[in-house]
Amino acid sequence: MINRIRGKSPIKTPIQPKINATVVLVRPPSFPPSPPPARGSLTNSTEILPESATNSPQSPFYGKISVELVRRRTPRSGLGGVGQWRVPESTPGPTAAAATDATAHPRGWVRPALLWAGFAAVHAALAWLCFASTGWPLGDVERSYLGWATDAVTGGGVVGISAPFVYPILAILPMLAALAFGPGLYSLTWLGLVTLLDAVAFAVLLGPGRDPRARLAAAWWLGFLLLLGPIAVGRIDAITVPLAILAVLVLRSRPVWGTMLLTLAAWIKIWPAAVIAALFLVSRKRWPVAAAAAGTSLGIVVIALFLGSGLNVFSFVSEQTNRGIQIESPVAGLWMWQAALKIPGNYIYYDQQILTYQVIGTGTQVAIAVMTPLLLACIAAVLLLGWQANEAGASWPRLFPPLVLALVLTLILVNKVGSPQFTAWLAAPVILGLVLRGRAWRLPAVLALAVAALTQLVYPHLYDWLIVADPLLVLVLSLRNLLEVILLGWAVREVHASGARSEHPEHDLVPPTPNLKE
């Protein structure tokens, strides 16, 4: 049954919560108004205007909306927001779309064909930067990844199986795949593999190309990649980012399959585990999600043990725990500024085992010991905040994206390892937020672009200045880290506010209402 009421109805009758709201334009009936409806009933005396009358700015009805209530059974498989009023993204008509989100007006420059042309241009530019930039952006690929892959195929041993590995064990698979056309083409094959994975995620994000929010999210991703520069494709993280984007786009409809994909990505680089933790917290299918993650992980470990890995399959945990303070990490700023100001006892050195620059000074050993427990405590605090918001009735679109963003930023900021490629992790939660919430995610989207641009400025272009603690580059790096702190503050506030909004529904365009007996 479809009932229509005008925008400000005097009806105080309780209504079933499982109702979806669609915004439409209506004209009052041409006959005299009828008496107020009896309590417990809804009026249906409205008339739909022709499209020409609603689209014309000269029309007296232009920009005036009322609400069409559509009673429909809500699937029980939803992960969040079930039983609340919402304005569907597919609401027809330009005026209705403007009432919900300005992103509903597709721009010409975000047409699918142009976006795919931009995709090709951006990845060609990134490939060129990988070879043309100073600082050796493909250093890890051409030195470490190629060496590990060559050893594996020539009988020199497989890291993670016969020797400890700094990454989770599945990271060796893309490194081996890039060897398909020989060592001479290893770098090009690696870039081709990354581009292929990005293309798959890009295609799923765009879909048929009719969703304006998806188009804008795709355009944002291209800008983010270009601003982040060659580091966006020149590290193992470039394999996990498109996998995580694919997973978050399907999680709401297929949480188990999305969890399995995230688990595979986490066994390449650990950060997608943050998305799994957020999903377990907010999903109504949390136990199937947990079973999918545990089952996938168990299968990987069993196969590794069968191949003779022993405890090497878990070696990435100890390898990361024993690392020093990397110069790009936020906590390193305490000693980087002392080194920049030439305060004695603080200096930068190159770790030959980890192959990265680290800082040492008074108190760094204490920081090394404290940072891992502090990271775990901060993750627990963010999860607790998300649990409280979920218990307060926060909807999936309002809670899940900022919770994922907060967890990812916690992994970046409360970390003694501050590699520039960590910035690439921001793509998945920001894209999810743009797809689900549109303009509400303008601020984090802009902040993430600024973080990406400053990251590329530091690495690879001016990295030689940073390793000598040049004050200007230390300032740029500190500004980048400060923007990440601001972004984390925004995400934490949104997580908290998602629960508060559920308690104060007047903030929504069409608020939730109580039950109505049919």
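**Entry 1: lining of the largest cavity**

I sorted the lining of the largest cavity by class and got 10 nonpolar residues, 1 charged residue and no polar ones. The model I am working from is predicted.

I then listed the lining by name. It comprises Asp198, Trp221, Phe224, Leu225, Leu228, Ala232, Ala238, Val241, Pro242, Ala424 and Ala427. Asp counts as charged, so I take Asp198 to be the 1 charged residue of the class count.

Which helices each supply at least two residues of this lining? I found helix H7, spanning 212-228, and helix H8, spanning 237-250. H7 gives the most, with 4 residues.

**Entry 2: cavity search**

I looked up how many cavities of 30 Å³ or more the search of the whole structure finds, and the number is 3. For the largest cavity I noted a volume of about 60 Å³.

**Entry 3: Ser315**

I moved on to Ser315, which I located in helix H12, residues 315-321.

Is Ser315 buried or exposed? I have it down as buried, because its relative accessible area is 6% and the cut-off for buried is under 20%.

Next I checked what Ser315 touches. Leaving out residues up to four places away in sequence, I recorded contacts with Pro164 and Phe165. I also looked at Ile169, which is 146 residues from Ser315 along the chain. The C-alpha atoms of Ser315 and Ile169 are separated by 8.9 Å.

Note on methods. Residues numbered from 1 in each chain as written. Predicted model: local features only at pLDDT ≥ 70, side-chain atom pairs only at ≥ 80, totals over all residues. Heavy atoms only, no water. 1 Å grid on protein atoms, 1.4 Å probe; cavity = no way out; pocket = protein on both sides within 12 Å on 5 of 7 lines; lining within 4 Å. Points joined across faces, edges and corners; volume = space filled by probe spheres on them. Buried < 20%, exposed > 50% of the residue type's maximum accessible area, 1.4 Å probe, protein only. Contact = heavy atoms within 4.5 Å.
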